[in-house]
Each structure stands twice: as structure tokens, then as C-alpha cells.
Amino acid sequence: METLRDMVRYAASRFNEAGIYFGHGTDNAIDEAAALALFALNLPPDTPEIYWGARLTGAERQAVMDLVRRRIEQRVPLPYITNQIHFAGLPFYVDERVLVPRSPLAELIEQSLQPWVDPHSVSRILEIGTGSGCIAIACAYAFPQARVDATDTSYAALEVAAINIQRHGLGDRVRLFNSDVFADVPDESYQIIITNPPYVDQTAMDALPPEYKHEPLNALAGGDDGLDVVRRIVDGASRYLSEDGILVVEVGDSDDAVAKTFPNLPAMWVELERGGHGVFILAATELKNWHAA
């Protein structure tokens, strides 16, 4: 194992041999090994090809191997090792106080949630369950005229969100609140309420790979049917939506449970071009009419 290329090949082989789970930033052993090795060597992801044939020192090889062993033996997800990940094309700090950002909502935010809203008319956005703050911060970039309020029940998660808000220089536009769903939300009217709440049902929680055990489980677990928090969001959103507002909710594999639990809910299920599923959008007027029916 003389070169960077040799180390990546070796690490990828060991990852496949160990049967580790991919899905917290990469989806295959080669990309995972490359990301880990480049991080260990303090090299950027776009390191030119010529460096891949460079011979490593003994200390460099040891640095890579230490991270490879940690990834295999402790099953720590890659972003918790590197403390970094990209979401909606933006860099974020993450650690085990928050979920690893991987929401398909990034695709919709990059499109400024068009055609469901006019981006130029959006002045107030609320995110429920912000975690690392990635969705709130991405929304601040996508809607540069808007103020964003972001909530979480976890003070530890809000600490991480605060780090990312500071790093992106958005302290004047993104506010954090410790709130259980709408309990301590400002009495405001929002054009967009967006959320990636806990939605994993108990059966799926019991079957999660070991990597997920490093994430805050209360940010994943949604109760027996996955909808404990989703119900509260759907029930309470009308009070905080403007007349032309929308509610955007990610429920992942609990999409069937939503359809069964709310058979007449006028939800628009979004088709995502980059993969992922289980995202629905509700217009404020239709949500209010549904509640009134």
C-alpha cells in the first residue's frame, strides 16, 4: 500500500468485506474510501489525478488506517468522522448531536419551491425540527429576501445549528427556537412551513443498520406508525400559514401510512428527479378547508 490509490482500493475492499452500510453521504465503498482517505490526508475532494499516484509516508498511511478501522469497528457514519457534509450544494458542520443531512427536500429548495410559491413574495419561512440547520440555511439562500425561523426540541441540536448559522453569516436572518412542534413558535404568519420530522415507524427502527445508532434516535423515531409528530404538524400548521402559504413535509417510507391515516388529505405528492420519495405539499387554503370539513 504505497500510494493514495492503493489505500483507497484497500479501504474499499475492507468496507465491502465488513458489510458496512452506505447512505450517509456516499452510496458505495469506493467513494466512501476516497472521501475518508482524502480527509485523513487533509486533501480536498477535487484533488488532481496526479496526486493519486503519490507515495504516502508511514504516518499518512497510519492516519488513513486509523479512520478505516474506526469506520468498520465502530460503524461511525462518514460525516461524523469528518464533521462535514454538503446539503443543497452548501457545506455544513455535523456531529452526533444531529442527523446526517440527506433529505430530498434539498432538490426542492434549490428550485426555490417553484411552482408552488413565487420566490419573490416569500418573506417568512418556518422550519420544524431543524437539527443541523441545513434546511433553514438552504432556504435562506434560496429566498434571499426572507427571514427564517427554525425550531428543535433538542438544545444540543440547536447548538450545532448555531455553529452553521454563524459559519454562513446568517445570524441576522435565521432565528433559532427551542420548541416542540408549534408549542413555542412565534405568533407569525409564514408563506412556507417546511419540515423533515421524525417519521420512521417502529418496525423500521428495529431494523436500522448499526450506523444509525450514532444518530439521535428521537430525531428518527416517529412512533408505531411513524406519524406521531406528522399528525401534530398537519393539525397545527393552518394557524401559522399565510393565506397563500404552503406546508412542505417529508415522510419518506411512511407515505403509505399518511395515505391511510388521512385518506382525504388534499396533499400533492412530489416527484423528485434526483431520487427519494415521500414528500407532500399542502396549500394553506386546502388545508383549512380540510380541517373545516
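C139 is buried, at 0% relative accessibility; buried means under 20% relative accessible area, exposed over 50% and partly exposed in between, with a 1.4 Å probe and protein chains only. C134 counts as buried too, at 6%. A disulfide here is a pair of cysteine sulfur atoms within 2.5 Å, and the count by that rule is 0. For C134, the nearest cysteine sulfur is that of C139, 9.5 Å away. That is too far for a bond.

Some ground rules. This is a predicted model, in which local features need pLDDT of at least 70 and side-chain atom pairs count only at pLDDT 80 or more, while totals for chains, interfaces and linings use all residues. Residues are numbered from 1 along each chain as its sequence is written, and side-chain values use heavy atoms, with hydrogens and water left out.

On to the cores. A nonpolar core is a set of buried Ala, Val, Leu, Ile, Met, Phe, Trp, Tyr and Cys residues joined through side-chain atoms within 4.5 Å. The largest one has 67 residues, and the members that touch the most others are F15, I109, I125, F143, I192 and I194. Helix 6, residues 134-142, gives the most to this core, with 8 residues. Helices and strands are DSSP runs numbered from the N terminus, H or I of at least four residues for helices and E of at least two for strands. Take I194: leaving aside neighbours within four places in sequence, the residues in contact with I194 include L105, I109, I125, I135, C139 and V248. Contact means heavy atoms within 4.5 Å. A second, separate core has 26 residues, among them I193, V230, L241 and F262.

Next, helix 3, residues 58-73. Its 16 residues reach 22 Å from first C-alpha to last, close to the 22 Å expected at 1.5 Å a residue; the expected span is 1.5 Å times one less than the number of residues. Which residues of helix 3 are buried? They are V64, M65, L67, V68 and R71.

Now the backbone. Most residues other than glycine have a negative phi, and most peptide bonds are trans. R75 sits in the loop between helix 3 and helix 4, and is buried at 18%. A88 also has a positive phi, about 55°, and lies in the loop between strand 1 (85-87) and strand 2 (90-92). The peptide bond between Q114 and P115 is cis, with omega about 10°. P115 is in the loop between helix 5 (105-110) and strand 3 (124-128).

Last, the aromatics. Rings of Phe, Tyr and Trp (its six-membered ring) pair if their centres lie within 6.5 Å; planes under 30 degrees apart are stacked, over 60 edge-to-face, and the rest tilted. There are 5 such pairs. F182 and Y240 are stacked, 5.0 Å centre to centre with 10° between planes. Both lie in loops, so the pair ties together parts 58 residues apart in sequence. F182 is buried at 10%, and Y240 at 4%. W269 and F280 are edge-to-face, because their centres are 5.2 Å apart and their planes at 65°. W269, in strand 8, and F280, in strand 9, are 11 residues apart in sequence. W269 is partly exposed at 38%, whereas F280 is buried at 0%.
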